[in-house]
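Please give me a guided tour of this structure. I have it open in a viewer and want to know what to select at each stop.

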Amino acid sequence: MFTVIGLMLAGMLAGFLLRKYPLGFIHPVITVLIWALLFLLGIEVGGNEAILHGLHTIGLEAVVLTLGGTLGSVMAARLLWQALTGRKRGKTPTSSTPRPTQGGTLHALKGSLVIVGFFVLGIGCSFAGLVPGHVGTRVSFYTLCALMTSVGLSVGNDPQTLKNFRSLNPRLVFLPVVTIVGTLAGSALVSLLLTHRSLTDCLAVGSGFGYYSLSSIFITEYRGAELGTVALLANISRELLTLLTAPLLLRWFGPLAPISEGGATTADTTLPVITRISGQEFVVISIFHGFVTDFSVPFLVTLFCSF
C-alpha cells in the first residue's frame with residue numbers, strides 16, 4: 001500500500017510542477033485503468049475455486065453482511081455530515097455540498113455499471129479458461145500503480161487542490177472512526193438474522209472494510225476456510241458496491257457516504273470514483289480514511305476471531 005500511495009504523491013508533485021500545462025488526457029486514462037483493474041480482479045475471482053463454489057452456498061450470506069455493514073457506515077457518515085454542517089434532511093444544500101444534476105448522476109451510475117461489466121467479463125474469461133487466473137494477480141498491482149500515479153497527476157494539476165486542503169474541516173478526521181463504528185453496528189444487527197453465525201463471526205467479516213485479501217487470510221487461519229470465503233466475497237462486494245452506488249449515496253446520504261462505504265479501499269482503488277463523485281476537496285480525507293481503516297483491519301479481525 002505504501003508503494004501505491006508513494007506513486008500517487010509523486011504524481012501529485014509532477015502534476016503540480018506541470019500546473020501551467022493542463023493535462024486533459026489524464027481523466028480518460030484514469031477511466032481506462034479502472035476498467036482494466038476491475039477486469040483483472042474478475043480474472044482473479046474466476047480463477048479461485050473456493051469463491052466459485054461459495055457463490056452457490058454462501059454468496060447470499062456474504063451479500064447480507066455487506067449490505068448490513070455498509071448501510072450502518074453510510075448512515076453514520078450522514079449523521080457526521082449533519083453534525084458538521086448543521087444540515088437536516090429536506091434542507092437545501094449550500095454551494096459547498098457537491099450535488100450533481102440528475103443527468104450527471106445517471107451518467108456516473110452508467111459508468112459504474114460499465115465498471116462492473118468489466119469485472120463480470122473478467123470472471124467469464126477466467127472461468128472459460130481464456131485467461132489464466134494467476135495473470136490477474138501478477139498484473140493488477142502494476143495497473144493499480146499506474147492508476148494511482150494518474151490520479152496523483154490529476155489532483156496535483158488541479159489549481160483548486162491546495163485551496164481545498166486548506167479549507168478541509170479538521171473534524172472530518174473522525175470519519176474513519178464513524179465508518180468503523182457504523183460498520184460494526186450494522187454487522188452486529190445482521191448477526192441476528194444469520195443465526196448460524198456467531199456475533200464475533202459477523203464482526204470479523206465486517207472488520208475487513210473492503211480489504212478482502214488480508215481479512216480473508218486472517219479469518220481462514222482463525223475460523224476456517226468457509227468463513228474466510230464469506231469474508232472474501234463480502235469484502236469484494238463492498239468494493240464493487242462502492243463503485244456501483246456512489247452517485248446514489250451522494251444524493252441520499254451526503255458526500256461523506258461514498259468514502260465511508262469504500263472502507264479501506266478509499267486510498268487506492270475506489271479513490272478515483274470518490275474523487276469524481278464527491279469532489280476533489282474530499283481527496284485528502286479519502287486517503288486519510290483509507291489509511292486508518294486499512295491499518296485497523298488486522299487488529300480488529302484478529303480481536304474478533306480470538307473470541
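**Stop 1: helix α10**

This is a predicted model. Select residues 212–223, which form helix α10. The helix has 12 residues. From its first C-alpha to its last it reaches 15 Å, close to the 16 Å expected at 1.5 Å a residue.

Now color the buried residues of α10: Y212, S215, S216 and I219. Look down the axis of α10: these buried residues fall within an arc of 95°, so they line one face of the helix. An α-helix has 3.6 residues a turn, so residues three or four places apart point the same way.

Turn to the other side of α10. I217 and E221 are exposed there.

What covers the buried residues of α10? Show α2 (26–46), α9 (199–206), α11 (225–253) and α14 (283–305), which are included in that cover.

**Stop 2: the nonpolar cores**

Which residues touch the most other members of the largest nonpolar core? Select L38 and L147; the core they belong to has 32 residues. Elements that give two or more residues to this core are α2, α5 (102–127), α6 (133–157), α11, α13 and α14. Helix α2 supplies the largest share, eight residues.

Center on L147. Leaving aside neighbours within four places in sequence, L147 is in contact with I30, L33, I34, L37 and P272.

**Stop 3: G46**

Return to helix α2 and pick G46. Is G46 buried or exposed? G46 has a relative accessible area of 7%, under the 20% cut-off, so it is buried.

Draw a distance from the C-alpha of G46 to that of G122: the two are 7.2 Å apart in space. Along the sequence, 76 residues separate them. Then show the contacts of G46 beyond its neighbours within four places in sequence: L52, I123, S126 and F127.

**Stop 4: T242**

Move to helix α11 and select T242. This threonine, T242, is buried, with a relative accessible area of 1%.

Next, show P258, E261, G262 and T270. T242 touches these four, not counting residues up to four places away in sequence. Check G262 in particular: its C-alpha is 5.5 Å from that of T242, and the two are 20 residues apart along the chain.

**Stop 5: T275**

Finish in helix α13, residues 271–278. Select T275, which lies in this helix. T275 is buried, with a relative accessible area of 12%.

The backbone oxygen of L271 lies 2.8 Å from a polar atom of the T275 side chain. Which residues does T275 touch, not counting those up to four places away in sequence? Show Q280 and V283.

Technical notes:
Residues numbered from 1 in each chain as written. Predicted model: local features only at pLDDT ≥ 70, side-chain atom pairs only at ≥ 80, totals over all residues. Heavy atoms only, no water. Helix = DSSP H or I, 4+ residues; strand = E, 2+ residues; numbered from the N terminus. Expected span 1.5 Å × (residues − 1). Buried < 20%, exposed > 50% of the residue type's maximum accessible area, 1.4 Å probe, protein only. Arc of directions from axis to C-beta. Contact = heavy atoms within 4.5 Å. Polar contact = N/O pair within 3.5 Å; in protein donor to acceptor, adjacent residues only side chain to side chain. Core = buried A, V, L, I, M, F, W, Y, C linked by side-chain atoms within 4.5 Å.
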